[in-house]
2 protein chains.
Amino acid sequence: MSQSNPAEQRRNPVMTDVAKHAGVSLGTVSNVLNNPDIVTPAKRDRVLASIAALGFVRNQQARSLVRGRANTLGFVVVDLANSFFVDIARGAEEYTAARGFKLLLANSDVDASRQDAYVDLFEEFRVAGMLLAPLDGPMGAAERVEERGTPVVRVNWPGDDEHCGIAVDERHGGQLAAEHLLERGARRLLFAGGPFDLHAVAHRLDGARAAVAEHPGAVLEVFETDRLTVVAGLQVGEHIAARPERERPDGLIAAADALAAGAIQRLRSEGVRVPDDLLVIGYDNNHLTAESLVSISTISQPGHEMGELAAARLLEEIEAEPGHRHRSTLLRPSLIARRSTERG
Amino acid sequence: MSQSNPAEQRRNPVMTDVAKHAGVSLGTVSNVLNNPDIVTPAKRDRVLASIAALGFVRNQQARSLVRGRANTLGFVVVDLANSFFVDIARGAEEYTAARGFKLLLANSDVDASRQDAYVDLFEEFRVAGMLLAPLDGPMGAAERVEERGTPVVRVNWPGDDEHCGIAVDERHGGQLAAEHLLERGARRLLFAGGPFDLHAVAHRLDGARAAVAEHPGAVLEVFETDRLTVVAGLQVGEHIAARPERERPDGLIAAADALAAGAIQRLRSEGVRVPDDLLVIGYDNNHLTAESLVSISTISQPGHEMGELAAARLLEEIEAEPGHRHRSTLLRPSLIARRSTERG
DNA sequence: CTGAAAGCGCTTACAG
DNA sequence: CTGAAAGCGCTTACAG
């Protein structure tokens with residue numbers, strides 16, 4: 001329509017086009033966008049009308065080039081297929097959206113090089129700050145980014161003197177799980193999970209050990225798996241069922257729900273009944289876990305709350321003085337009792 | 001360290017700092033970054049060393065301001081909590097990453113205004129193109145963005161003459177589900193799902209109807225639910241169990257796995273056995289569905305493939321001439337038979 | 001192959 | 001409250 005010459009490339013309208021169309025200066029257009037209150041209503045309406053008529057869309061790149069930073073936040077997530085992290089992302093988004101920030105997500109998919117690549121990308125885009133749910137292991141890119149001045153808050157990671165972090169008290173979770181089974185009468189517990197170099201797994205085991213140590217007469221065995229999957233769970237089930245009946249544990253703590261689900265499935269096909277013969281508790285409160293036929297008791301991590309808290313911390317950091325002191329927060333997980341640990 | 005005056009704000013190094021440090025001109029630094037081949041190795045190494053020494057990070061905003069577009073793609077996803085969409089995102093990411101693009105995600109969380117806000121945000125950032133897994137309903141922002149020249153490919157949406165789209169043949173999926181139950185001997189089928197104004201649900205029902213129509217003697221009842229959740233599934237189970245035994249269906253097609261899981265759970269507690277008394281098939285192949293005690297047969301949507309295909313289409317569009325013709329692709333879902341439809 | 005200059009589209013003092 | 005000018009940090013012809 002507005003093309004006078006069909007041969008000439010249509011170009012997206014820019015602010016000077018709007019100014020010309022509305023008969024005002026460039027600065028006034030900018031003011032309408034950024035400080036509408038200081039522009040006279042009549043002029044403001046004229047500019048707004050021109051913006052609509054031309055289909056003008058402000059170029060954020062140019063805007064944050066001069067302002068220094070975008071009011072956008074980045075969140076690099078280790079594994080979106082795990083609903084725990086989706087919960088975190090939703091909590092963070094709600095918190096930041098209410099405060100005028102946008103939250104962009106990137107999935108590193110448990111790949112260290114992709115994690116670094118996305119952290120770098122967000123830095124190149126000059127986001128105001130980042131959330132990072134990291135893999136276990138070094139976080140080179142994030143360290144560098146922080147040194148250069150972009151705040152980073154780590155979630156599901158403990159944090160230390162140099163870094164803000166929000167984590168869940170994994171040890172306490174393991175303790176809750178074990179105590180729950182002990183309360184329900186189990187005495188020969190088996191902890192299944194792994195690999196143990198995952199700090200979450202190691203701490204859950206620690207917690208379970210501590211709980212068992214306080215119960216004279218109770219014992220805890222350990223079975224290390226190579227992953228936290230349903231398939232690994234099948235092996236756990238097999239391992240238990242293969243033993244003579246009286247040597248079997250009467251309580252199973254699985255370090256992940258998927259593991260618990262696999263174990264229950266295999267146990268059942270081998271004739272071991274859950275919860276009648278064996279109490280089982282999982283970990284994570286993954287979506288759909290409540291839906292298996294024997295609904296699985298579990299330790300629930302406060303993902304949504306973690307996301308909100310991390311976002312709040314990040315916004316604080318963004319506004320903080322350079323000298324600001326880093327803080328770590330440990331959230332408490334909670335027990336959700338379902339059918340798999342019901343007695344009678 | 002490099003701060004000569006502690007009072008002066010440390011500023012992130014920019015390209016002119018690198019040029020000065022390396023003793024070359026600004027253009028040469030840019031060439032090292034963008035056309036390394038045309039710079040003499042010695043000079044190149046000098047520049048690279050300076051970049052490392054200063055901790056220089058190129059400012060993408062400035063870069064794509066002059067280049068017009070970032071080589072970044074945006075994906076606005078309707079619901080990351082549904083693993084189907086996570087699969088799509090992973091497929092898209094693998095495809096685009098291999099071709100040098102980055103993929104940023106935004107979760108609209110089944111909220112139309114957030115969908116629009118993120119579409120706008122990506123446009124303001126001048127992404128090279130967008131993927132959109134939309135909610136059912138109008139897509140105002142996306143339409144406008146396309147008119148202004150940013151390519152958008154819709155996923156899990158049929159597409160039309162004006163829009164590229166990649167969808168799954170929902171009708172065919174419904175047909176597969178019904179045929180599977182009929183093959184296994186069921187004759188009184190119940191289709192549960194809803195609300196029916198969700199086009200996916202309506203089409204799945206259509207397909208099921210078509211399959212039943214071809215089997216003389218088979219009948220199909222319909223039970224509309226208000227959502228596709230486990231809780232709604234409980235109601236479905238209740239509805240079935242409440243009927244006199246001989247008036248119950250012998251096959252249940254649930255329009256979603258969560259629905260199937262809820263139904264099975266309630267049926268079981270009411271003494272209706274799956275699959276012995278009633279065959280059940282779900283839809284979506286959601287993560288963890290395979291793990292319920294009675295593993296649930298389902299219709300699997302090719303999420304990963306859909307993501308790859310959508311990404312491929314988007315990259316085509318980005319390179320296409322303005323006059324390019326839009327295409328729609330319909331992917332075929334497939335049957336996954338599990339325990340919940342096993343006979344004998 | 002290298003370097004000086006113009007320009008991408010905005011925002012922000014600054015003088016009126 | 002408004003408008004002309006400078007500048008954010010890059011890339012890209014262009015002349016050497």
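Predicted model: local features only at pLDDT ≥ 70, side-chain atom pairs only at ≥ 80, totals over all residues.
## Model and confidence

Local features are reported only at pLDDT of at least 70 and side-chain atom pairs only at pLDDT 80 or more, while totals for chains, interfaces and linings use all residues. Residues are numbered from 1 along each chain as its sequence is written, and chains are lettered from A and ligands numbered from 1 in the order in which they are written.

Chain A has a mean pLDDT of 90 (the predictor's confidence in each residue, from 0 to 100). In that chain, 94% of residues reach 70 or more. Residues 1–9 of chain A have pLDDT below 50. Beyond near neighbours in sequence, this stretch has two contacts in the model. A contact means that two C-beta atoms, placed from the backbone, lie within 7 Å.

## Symmetry

Two copies of a chain are related by a rotation about an axis and a shift along it. The same surface serves both copies: 100% of the contact residues of chain B recur in chain A.

## Chain–chain interface

Chain A gives 47 residues to the contact, and chain B gives 46. On the chain B side, the elements that give two or more residues are helix 4, helix 5 (83–97), strand 2 (102–107), helix 6 (112–124) and helix 11 (257–269). Helices (H or I, at least four residues) and strands (E, at least two) are DSSP runs, numbered from the N terminus.

Helix 11 of chain B gives the largest share of that side, six residues. By class, the side of chain B that touches chain A has 19 nonpolar, 15 polar and twelve charged residues. Ala, Val, Leu, Ile, Met, Phe, Trp, Tyr, Cys and Pro count as nonpolar; Asp, Glu, Lys and Arg count as charged; the others, Gly among them, count as polar.

## DNA surfaces

Helix 2 and helix 4 of chain A, with helix 2 and helix 4 of chain B, each supply at least two residues here. The surface near DNA strand D has 13 nonpolar, eight polar and four charged residues.

## The parallel sheets

In chain A, four strands form an open sheet in the order 7-6-8-9, with parallel pairing. Strands pair if DSSP finds at least two bridges between them. Strand 7 (219–224) and strand 9 (279–281) of chain A are the edges, each pairing on one side only. Neighbouring strands of this sheet are turned by 20° against each other on average, direction ignored. Three bridges join strand 8 (251–254) to strand 9 of chain A. Gly251(A) has Leu279(A) as its bridge partner.

Helix 9 (199–213) of chain A lies across strands 6, 7 and 8, running at about 175° to strand 6 (188–193). Helix 11 (257–269) of chain A lies across strands 6, 8 and 9, at about 140° to strand 8. Axes are lines fitted to C-alpha atoms, for helices over the stretch in contact, and angles run from 0 to 180 degrees between N-to-C directions. In chain B, four strands also form an open parallel sheet in the order 7-6-8-9. Ile253(B) has Ile281(B) as its bridge partner in strand 9 of chain B.

## Backbone exceptions

Most residues other than glycine have a negative phi, and most peptide bonds are trans. The bond from Gly194(A) to Pro195(A) is cis, with omega near -5°. Pro195(A) lies in the loop between strand 6 and helix 9 of chain A. The bond from Val274(A) to Pro275(A) is also cis, with omega near 10°. Pro275(A) sits in the loop between helix 11 and strand 9 of chain A.

Val110(B) is not glycine, yet its phi is positive, near 55°. Val110(B) lies in the loop between strand 2 and helix 6 of chain B.
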